[in-house]
Structures are given as C-alpha cells and as structure tokens.
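Hi there,

Here is the structure I promised to pass on. My notes on what turned up in it follow below.

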Amino acid sequence: MDPNLLPPEILDAERGFPQALEACTDLDALMRVKGLYTGRDDSHAVRMMELLKVAPKEQKRALGAAINGLKNLWEEGLKARQGELETARRQANSLATSWDPDLPPPLPTRGALHPLNRLMDRLIDIFRPLGYHVEEGPEAESEANNFDGLNIPEDHPARGSADTFYFSAHKGRLLRTHTSPVQVRVLQRVAPDIERLGGIRFLAPGRVYRKDEIDPTHSPMFHQVEGMLVGHDIGMQHLKGTLAYAMKALFGPGADVRFRPSYFPFVEPGCEVDVRCPLCGGSGCRVCKGSGWVEILGAGLIHPNVLTFAGLDPKIWSGFAFGMGVERTAMMVSQTPDLRLFFENDQRFLMTMGGLD
Ligand code: DAH
C-alpha cells in the first residue's frame with residue numbers, strides 16, 4: 001500500500017489498531033473500537049470512503065485497493081478478538097453459575113479400606129487368637145513352589161498354558177494360580193527349626209492369577225486366603241473344629257457348616273466346606289442355586305509328599321491346610337451379584353459395602 005495515498009490520521013489509526021484491540025478486556029470495549037474503525041457512521045472506514053469519492057480519477061483504483069486492504073485487516077482483527085472475549089466470558093459464566101452460595105460446602109470424602117481387604121483383615125483377626133500369624137509369598141512364583149512342592153502331577157491340566165500365566169522370558173516362572181505355594185515356602189523355611197518351634201500355623205492372604213475370561217463370577221486376578229497348621233497327631237477333627245469356629249465367627253454363631261469329601265493333590269483326605277447359605281438361611285435362593293449351601297473353602301490334611309518335599313518327616317509331623325476364595329465370600333456376605341464391582345472401584349458401590357465391616 002502506498003502510504004502517500006492515505007491521510008496521516010488514517011495511518012495513525014492503522015498503527016494504533018493492534019493496541020486498541022489488545023486494550024479491550026470485554027465485549028463492550030470491543031464494540032466501541034469496532035464503531036471507531038469500521039462503524040457505519042463517522043468511522044475511519046466511512047472517512048476513507050469519502051476520500052475515495054473525491055479522489056482524482058487516476059488515483060481511485062489504487063486508493064480503493066488500499067482502503068479495502070485496511071478494512072479487511074480491521075474486520076479480521078476485530079472478529080478474532082471478539083471470539084477470544086466471548087470464550088473468556090463463557091468460561092467465566094460457567095464458573096460463576098456452578099457456585100451456589102446456598103449449597104452446603106462439599107465435604108471431603110473419607111478414605112477407607114477396600115471391602116476385600118477388610119474381609120481379609122477380618123479373617124486374620126479371627127485366626128489370630130488361635131495362634132496364626134500372617135505369611136506372604138510373591139505373586140511371581142516358580143513352577144516348583146506352585147505345582148511340584150504341592151504334589152500336583154506333571155500332567156495336571158492346571159499346569160497348562162491355557163490355564164496359567166507363564167513368563168515367556170523366564171522358564172519355569174509363572175503368576176501363582178493359588179496361595180498354596182506359600183505353604184511350600186514357609187515349610188521349607190521353618191523345616192530346620194520346626195522341632196524347636198513345635199509346629200507352625202499361619203494364614204497367607206494374597207492375589208492369585210488364572211486365565212479366566214472376565215464375567216460376573218470370574219476374573220483373571222482374584223484373592224485367596226490360605227491357612228495351614230503343622231504339628232503332631234493332627235487329624236480331621238482339628239481341621240473341622242478350627243473351620244467350624246472360623247465360619248461361625250465370620251457368618252454368625254448360627255452358621256451351619258458341612259464338610260464334603262473332595263480331591264486336591266496336596267491334601268489327603270481332602271474336602272470342600274460349605275456354609276448354609278447366609279442369604280436364604282437354607283431354603284434355597286439364587287446365590288446358593290437352590291441347594292441351601294454355598295461352597296466356601298477347599299481343605300484337607302497335608303499330603304505326606306508335601307511335607308517330604310519341604311524337608312519334614314511325615315511320620316513325625318502332620319497338619320491341615322485350607323484355601324478360601326475372598327471374592328466369592330465377599331459376594332455372599334454383601335449379596336453382590338457381580339464380582340467385577342469389587343475391581344471397578346466405583347465409590348458409590350464401595351460406600352454401600354458396610355456389610356463387610
Ligand atoms: N489351592 C486350592 C485352589 O486354589 C484351594 C485349596 C484347597 C487350598 C485345599 C488348600 C487346600 O490349602 O487344602 O483351588
């Protein structure tokens with residue numbers, strides 16, 4: 001643009017335009033600037049058009065182009081700034097309307113233990129007076145501890161890669177499929193000292209992993225609590241007495257328990273333990289599938305091979321063991337129909353979990 005074509009006051013206005021825009025902090029101010037530059041009456045644009053009317057014929061073309069160029073520049077600048085200010089105003093409005101001085105202030109929500117942890121803690125509390133302490137084992141285990149030491153045969157289906165997560169980079173390592181390998185670890189550790197200790201009893205709570213599809217009653221990760229007692233002349237009567245006590249402590253003094261023969265390679269004899277359905281009291285419902293009983297535990301007397309593998313003489317030592325599914329029990333106690341709720345951590349669900357207290 002040839003500056004000589006435009007009068008000094010227009011050129012001044014053009015130089016001051018960016019600052020004038022910047023100085024607008026609200027839409028009203030911007031409208032005033034807009035009026036000044038491109039308004040219909042008495043604006044810089046109107047004045048330029050008047051100049052064009054009276055300009056000599058040979059200048060009209062160039063002057064017209066210069067004027068149009070300036071007007072476009074101003075209009076674009078005004079539009080962009082208007083967009084910015086409108087956005088700012090919307091944001092300020094939304095903040096302002098979400099604050100209602102009449103509402104009570106939001107109270108900070110209190111943190112709490114997860115219901116599954118509370119249930120495991122409760123079991124630990126139930127067994128503590130009987131002399132049980134807590135043992136832990138790693139979730140990444142060896143095949144030896146997870147299977148071999150538990151007398152699980154080489155061809156057992158649970159050893160297959162369809163059921164068990166194996167580490168591809170570490171041969172013989174896997175994510176434990178149950179908490180029973182803690183038995184192997186603890187027995188091996190205490191074996192040299194077991195005479196002096198006079199036996200051992202412990203609980204081992206923790207996470208376990210299986211290649212299960214996720215559905216309302218399955219998850220590839222869940223929790224178990226393992227229990228074990230080793231001593232002299234331990235028989236089924238000790239196992240039954242201990243578990244009957246624990247189930248009454250957990251489900252209430254009226255809780256009924258029954259023992260059914262079952263098979264696990266690491267116990268002999270083995271059994272499954274049912275409690276009378278805490279939801280229907282035994283008359284039959286959806287949770288107990290009409291039978292009046294729900295299975296809670298696997299248990300049995302420790303297999304001599306398990307003791308021998310760990311370095312204990314089965315002629316001298318005997319004991320019992322049990323394993324309990326935590327989610328399954330929590331679902332029953334709290335009447336939760338879908339196990340996934342325990343993992344989604346929706347606070348609205350967790351807050352209803354008073355039943356596990
Ligand atoms: N480990 C078994 C499972 O995951 C549960 C179990 C059964 C544990 C019997 C035991 C037991 O200690 O004696 O299904």
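First, a word on domains: their bounds come from an automatic or database domain assignment. For this protein the assignment gives domain 1 (3–97) and domain 2 (115–356), and the C-alpha centres of domain 1 and domain 2 lie 79 Å apart.

Please keep in mind that this is a predicted model, in which local features need pLDDT of at least 70 and side-chain atom pairs count only at pLDDT 80 or more, while totals for chains, interfaces and linings use all residues. Residues are numbered from 1 along each chain as its sequence is written, and side-chain values use heavy atoms, with hydrogens and water left out.

**The ligand site**

The ligand has 15 residues around it, and those that come nearest are His-178, Ser-180, Arg-210, Gln-224 and Glu-226 (near means a heavy atom within 4 Å). Three of these make polar contacts, meaning a pair of N or O atoms within 3.5 Å:

- His-178: a polar side-chain atom is 3.0 Å from a nitrogen atom of the ligand.
- Gln-224: a polar side-chain atom is 2.9 Å from an oxygen atom of the ligand.
- Glu-226: a side-chain N or O atom is 2.6 Å from an oxygen atom of the ligand.

**Two helices that cross**

Helices here are DSSP runs of H or I with at least four residues, strands are E runs of at least two, and both are numbered from the N terminus. The axes of H5 (residues 115–127) and H11 (residues 326–334) come within 10 Å and cross at roughly 100°; axes are lines fitted to C-alpha atoms over the stretch in contact, with angles from 0 to 180 degrees between N-to-C directions. H5 and H11 are therefore roughly perpendicular (65 to 115 degrees).

Glu-268 and Pro-269 are joined by a cis peptide bond, with omega about -5°, and Pro-269 sits in strand E7 (residues 267–276). Asp-42, in the loop between H2 (27–38) and H3 (44–54), has a positive phi near 60°.

Best wishes

Terms used. Angles under 35 degrees count as roughly parallel, over 145 as roughly antiparallel, 65 to 115 as roughly perpendicular and the rest as oblique. A polar contact is a pair of N or O atoms within 3.5 Å; within protein, one must be able to donate a hydrogen and the other to accept it, and residues adjacent in sequence count only if both atoms are side-chain atoms.
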